[in-house]
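Open the model in your viewer and keep the sequence panel beside it. This tour tells you what to select next and what is there.

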Amino acid sequence: MRISSTHDVALAFLLALSSQKTSIAKAASITGASTDHLEKVARKLRDAGLISSYHGYGGGYVLNRPHSQITVGDIFSAIGTETKRRGYGLFDEIHQRLKNVALSELAEKTACTE
């Protein structure tokens, strides 16, 4: 398993979204990621069914489910975590512990540290 900065950007992007349309520019200003990188991440999240996109004036992205129903495992599945490198179990253990953690739990922890 390989966890990269793309996973972190996907998490930040999902936390920046709600049931209201959020433009890629606004999400970029919230997350600090480039719009190009967010577009690539958004495509994967959309293909995985986690978000929907709306084009044209007033367009943007919205969550398909609330943060409480999206898990870190959903991000792993959408972005991918596969590697051909032989692991020693650490990343597998991290994956097992995090895959069922809801984004709402992470949002609460982030809010407490700000």
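Start at the hairpin of β1 and β2, which has five residues between its strands. Select G56: this residue takes a positive phi near 90°. Strands here are DSSP E runs of at least two residues, helices are H or I runs of at least four, and both are numbered from the N terminus. This is a predicted model, where local features need pLDDT of at least 70, side-chain atom pairs count only at pLDDT 80 or more, and totals for chains, interfaces and linings use all residues. Residues are numbered from 1 along each chain as its sequence is written, and side-chain values use heavy atoms, with hydrogens and water left out.

Now colour the two strands. β1 covers residues 51-54 and β2 covers residues 60-63. They run antiparallel, joined by four bridges; two strands pair if DSSP finds at least two bridges between them. Click I51, and its bridge partner in β2 is L63.

Which residues of β1 lie on the covered face, and which on the uncovered one? I51 and S53 are on the covered face; S52 and Y54 are on the uncovered one. In a regular strand, side chains alternate between the two faces of the sheet.

K21 lies over the face of Y54, at 4.9 Å from the ring centre. The rule asks for NZ of Lys or CZ of Arg within 6 Å of the ring centre and within 35 degrees of the ring normal.

Next, find the one aromatic pair in the structure. The ring centres of F13 and Y61 are 5.7 Å apart and their planes lie at 75°, so the pair is edge-to-face. Rings of Phe, Tyr and Trp (its six-membered ring) pair if their centres lie within 6.5 Å; planes under 30 degrees apart are stacked, over 60 edge-to-face, the rest tilted. F13 sits in helix α1 (residues 5-16) and Y61 in strand β2, 48 residues apart.

Is F13 buried or exposed? F13 has 0% relative accessibility, so it counts as buried. Buried means under 20% relative accessible area, exposed over 50%, and partly exposed in between (1.4 Å probe, protein chains only).

Move to T22, in the loop between α1 and α2 (24-31). T22 counts as buried because its relative accessibility is 6%. Its contacts (heavy atoms within 4.5 Å) include A16, G60 and Y61, not counting residues up to four places away in sequence.
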